[in-house]
Amino acid sequence: MAYSLDDRFIRELSADAELAISTDDLRVFYGDKEAVHGVSLPFERYKITSLIGPSGSGKSTFLRSLNRMNDTVAGSRVTGQINYRGLDLNSPDIDVYEMRRRIGMVFQRPNPFAKSIYDNITFAPRRFGEHDKQTLDELVETSLRGAALWDEVKDNLHKSAFALSGGQQQRLCIARAIAMQPDVLLMDEPASALDPISTAAVEETMLKLKEHYTIIIVTHNMQQAARISDYTAFFYSGQCLEFDETRRIFTRPKITATDDYVSGHFG
Amino acid sequence: MNNDEIKAALTSKSRSAKLERRGKIISFLCIALIVIAVFAIFAFVAVRGIATFVGTKVTLWNFLSKTAWAPGTTDASGVPKLGALPMITGSFGVTLLSALLATPFAIGAAVYMTEISPKWGEKILQPVIDLLVGIPSVVYGFIGLSVVVPFIRNTFGGTGFGILAGTFVLFVMILPTVTSMTISALKAVPRRYREASLALGATRWQTIYKVVLRSATPGILTGIVFGMARAFGEALAVQMVIGNAALMPKNLISPASTLTSVLTSGIGNTVMGSLENNALWTLALLLLLMSLAFNLLVRWIGNKGAMK
């Protein structure tokens with residue numbers, strides 16, 4: 001089934017909504033192939049925005065370009081603008097390392113370092129010059145509390161991160177990301193490798209994090225998108241076909257492709 | 001098919017079951033042959049090597065701690081002069097020094113080839129390293145003899161032969177081994193570790209130093225131990241540059257010897273079954289035990305690394 005890529009609906013945010021980050025005609029190329037075709041999306045502050053769509057629709061690629069992780073992929077090129085506090089993050093004079101501490105990321109598979117829980121969380125703060133033990137201790141506690149992991153690991157902070165379960169590892173990765181107190185948290189299918197109970201724990205964590213962070217999450221799980229997100233963007237074939245409030249996307253989508261996707265006609 | 005036919009088919013061995021059985025037997029025999037060969041070598045060397053201490057006045061302690069090596073002669077109290085400490089010192093000296101020298105170069109080269117410029121690494125450096133592995137050791141020895149030894153002689157004085165010359169030659173010989181094993185260790189670090197580090201705002205250097213090298217440490221250590229095993233066992237190239245004097249080395253540029261160099265230069269000049277000959281077998285046993293120790297070390301590091 002082929003859908004017209006010109007048939008699009010992008011809802012404008014209400015006038016009083018505060019923007020955390022937005023893109024303007026963002027295109028991603030791998031070699032000569034254009035994987036994302038000019039996506040312009042707004043992301044409201046302290047809200048969760050879900051990016052949904054079939055495999056290969058470009059949603060992960062789009063997400064990874066927001067903190068310039070695509071820079072690390074040989075042969076990739078990103079054009080267009082990423083607007084953040086009056087700056088274009090896609091411009092070459094942006095310090096990507098400083099930028100990434102403000103725009104954190106959590107990956108699909110839990111990827112803790114082969115270090116202790118404590119060292120995993122303090123990894124980034126130490127890289128940025130924080131060595132005071134008391135400050136680091138506090139940071140570890142607040143980050144683990146933020147990721148709803150503190151109670152489970154507070155007695156084993158110096159144990160290897162690999163001793164944790166998959167769900168705990170993923171929450172550790174979230175704790176590690178929020179230890180830098182980023183503005184925006186990008187999450188690339190953070191629960192797809194987890195069992196339902198761990199998934200529930202991670203989702204609960206996200207709803208709590210929303211109070212302090214703007215979250216953009218790629219998910220294959222439509223119930224998850226419906227449960228946790230305020231806005232949903234539907235990606236199809238490298239294009240964002242529809243962006244709207246989540247309840248509208250799941251009840252009254254304006255685009256046929258979105259309707260077919262959320263009602264399970266293809267995936 | 002009636003029930004009887006089915007029963008017959010299910011209870012008798014089919015053609016493929018027989019073939020499978022035959023295959024199993026053949027592969028087991030192959031393994032058995034290798035195991036037997038290894039045990040036979042061990043037993044042979046052990047029997048010969050231990051004979052040095054049986055019915056003679058030579059004790060194991062004397063063998064390992066005395067510094068006079070003159071097979072065929074005895075000291076004032078009639079004990080044969082079989083002190084292997086100079087060779088043991090020489091062997092460990094060249095091994096440790098060359099590993100110490102090679103490790104930073106190997107890690108540097110491997111980091112360049114995997115993290116910094118994989119394209120260049122794959123096109124130019126990998127073939128160079130493969131080539132270095134393939135050069136016969138006599139060529140290394142010859143270059144050592146005609147370049148390294150005169151260089152040391154002119155720079156530091158003395159004859160130029162000694163542990164330093166041996167170290168330089170072994171350094172070049174084990175560098176490719178350690179480098180290529182370090183490369184595999186770095187390549188085995190999952191990309192998601194690098195991504196995790198970069199996504200936290202760490203720079204490329206911080207990522208390499210704090211994440212990639214850290215998690216590759218067991219693999220790198222294994223590479224170093226393999227290099228040391230190679231250095232410890234290398235005979236020809238070392239023999240050509242070390243000076244072959246079974247004396248306790250006074251410094252890095254005085255003529256010395258290793259277990260292997262004494263073995264290769266002495267084994268043809270002794271009579272099978274004599275004490276002099278047995279003493280050489282004892283050196284061989286020592287070498288064998290050391291390579292066993294290196295192997296166990298590699299396994300131990302591997303196990304420790306796997307648990308994390």
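I began with the largest nonpolar core, which has 80 residues. Ala175(A), Ile215(A) and Phe234(A) have the most contacts inside it. The model is predicted, and I read it as such.

I asked what gives the most to this core. Helix 6 of chain A, residues 166-178, does, with six residues.

I then looked up the neighbours of Ala175(A). Leaving out residues up to four places away in sequence, I found that Ala175(A) touches Ile121(A), Ser143(A), Leu144(A), Gly146(A), Ala147(A) and Leu149(A). Another core, of 47 residues, lies apart from the largest one. Val149(B), Phe161(B), Ala231(B) and Val238(B) are among its residues.

Next I turned to helix 1 of chain A, residues 59-66. Eight of its eight residues are buried, so the helix is largely enclosed by the rest of the structure. The buried set includes Lys59(A) and Arg64(A), along with Phe62(A) and Leu63(A). Just after this helix, I noted that Arg68(A) takes a positive phi of about 60 degrees.

Last came helix 7 of chain A, residues 196-209. I checked its length: at 1.5 Å a residue, its 14 residues should span 20 Å, and the end C-alpha atoms are 20 Å apart, which agrees. I listed its buried residues as Ala201(A), Val202(A), Thr205(A), Met206(A) and Leu209(A). An α-helix has 3.6 residues a turn, so residues three or four places apart point the same way.

What do the buried residues of helix 7 of chain A pack against? I found strand 5, helix 4, helix 6, strand 9, strand 10 and helix 8 of chain A. The face turned away from the buried side carries the exposed residues Pro196(A) and Ile197(A).

Definitions and conventions. Residues numbered from 1 in each chain as written. Chains lettered and ligands numbered in written order. Predicted model: local features only at pLDDT ≥ 70, side-chain atom pairs only at ≥ 80, totals over all residues. Core = buried A, V, L, I, M, F, W, Y, C linked by C-beta atoms within 7 Å. Buried ≥ 20, exposed ≤ 12 C-beta atoms within 10 Å, placed from the backbone. Helix = DSSP H or I, 4+ residues; strand = E, 2+ residues; numbered from the N terminus. Contact = placed C-beta atoms within 7 Å. Expected span 1.5 Å × (residues − 1).
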